[in-house]
Amino acid sequence: MLSRAVLLSAAKKPAALVLARGASSQPAERPKRPEHGGKVRLGFLPEEWFTFFYNKTGVTGPYVFGAGLLTYLCSKEIYIMEHEYYNGLSLAIMVVFAVKKFGPSMASYLDKEVDKIENEWKESRENSIQQLSQAIEDEKKEQWRAEGQTMLMQAKKENVALQLEAAYRERAMNAYREVKKRLDYQVERQNVDRRISQKHMVDWIVNNVVKSITPDQEKENLNKCIADLGALAARSK
């Protein structure tokens with residue numbers, strides 16, 4: 001245990017300095033914790049503390065330094081072995097026994113729980129990825145359908161244009177037929193008027209000619225016709 005003087009001297013440090021050190025030592029982004037800790041010796045001393053002395057003091061340097069440090073702390077009564085020391089020693093022995101006895105089973109159980117949670121997270125992540133992939137595929141299908149709708153609308157526009165063209169041609173043909181009927185009617189009417197006029201003129205001329213012939217001329221023409229028929233008959237013999 002540390003002596004009361006050391007505890008009092010440590011308690012007198014300003015709290016602002018401690019807070020400043022804590023704020024300055026806290027990193028902006030916490031690094032990821034490794035899954036397994038580093039190597040240790042004697043159950044709690046890191047391997048790096050021993051390798052630090054190898055270049056200077058050799059292999060026995062860390063042990064000599066530790067023994068000398070403990071001897072110095074105990075001889076100067078910085079570390080006092082009072083009743084709390086033995087309580088702490090007993091507690092440490094119990095902790096070591098519990099770690100050796102129940103540590104592997106507890107570690108296995110905790111590893112299983114960690115694996116279970118990790119698998120759940122992984123499954124959730126895979127489900128999210130699958131859902132997002134399906135959403136992307138659905139979006140691509142919708143885009144493809146939208147392109148198909150564009151082509152369908154273009155085809156419908158062309159179909160409507162063809163229908164309008166057919167209706168225009170049909171109406172143009174109807175107009176042509178109606179105009180042709182009217183023109184044929186006018187031509188036929190003119191032909192009928194011409195025939196009637198010709199017939200009327202012929203009848204008028206014939207009637208006037210008949211009226212201009214006297215009975216004597218008619219009798220003379222009749223005798224001449226008979227004479228001509230007789231001459232024709234005599235020639236034929």
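Buried means under 20% relative accessible area, exposed means over 50%, and partly exposed lies in between. Keep those cut-offs in mind for this predicted model. Cysteine 225 has a relative accessible area of 44%, so the residue is partly exposed. Cysteine 74 comes to 29%, so this residue is partly exposed too. How many disulfides does the structure hold? The count is 0.

Start with helix H6, which runs over residues 215–236. H6 has 22 residues. From its first C-alpha to its last, H6 reaches 31 Å. That is close to the 32 Å expected at 1.5 Å a residue. Is H6 largely buried or in the open? Of its 22 residues, the number buried is 0, so H6 lies largely in the open.

Now turn to helix H4, residues 61–75. H4 has 15 residues. The helix reaches 21 Å between its first and last C-alpha, close to the 21 Å expected at 1.5 Å a residue. Glutamate 77 follows H4. The phi of glutamate 77 is positive, near 60 degrees.

In general, rolling a probe the size of a water molecule over the atoms shows where empty space is left. Here, the largest pocket holds about 920 Å³ of space. Its lining is made of 28 residues. Which of them lie nearest the centre? They are Leu42, Phe44, Leu45, Trp49 and Leu70. Helix H3 (47–57), H4 and H5 each supply at least two residues of this lining. What kinds of residue make up the lining? The lining divides into 23 nonpolar, 3 polar and 2 charged residues.

Helix H5 covers residues 83–212. Three of them are followed here, among them the pair arginine 169 and glutamate 165. An α-helix has 3.6 residues a turn, so residues three or four places apart point the same way.

Take arginine 169 and glutamate 165. Both lie in H5, 4 residues apart, which is about one turn of the helix. Arginine 169 has a relative accessible area of 57%, so it is exposed. Glutamate 165 has 35%, so it is partly exposed.

Next come glutamate 178 and arginine 182. Their side chains meet in a salt bridge, at 3.1 Å from N to O. These two residues are 4 apart in H5, so about one helical turn separates them. Glutamate 178 counts as partly exposed, at 37%.

Last, look at aspartate 193 and arginine 189. These residues form a salt bridge with their closest N and O atoms 4.0 Å apart. They too lie in H5, 4 residues apart, about one turn of the helix. Aspartate 193 is partly exposed, at 37% relative accessibility. Arginine 189 is partly exposed as well, at 44%.

Methods: Residues numbered from 1 in each chain as written. Predicted model: local features only at pLDDT ≥ 70, side-chain atom pairs only at ≥ 80, totals over all residues. Heavy atoms only, no water. Buried < 20%, exposed > 50% of the residue type's maximum accessible area, 1.4 Å probe, protein only. 1 Å grid on protein atoms, 1.4 Å probe; cavity = no way out; pocket = protein on both sides within 12 Å on 5 of 7 lines; lining within 4 Å. Points joined across faces, edges and corners; volume = space filled by probe spheres on them. Nonpolar A, V, L, I, M, F, W, Y, C, P; charged D, E, K, R; others polar. Expected span 1.5 Å × (residues − 1). Disulfide = S-S within 2.5 Å.
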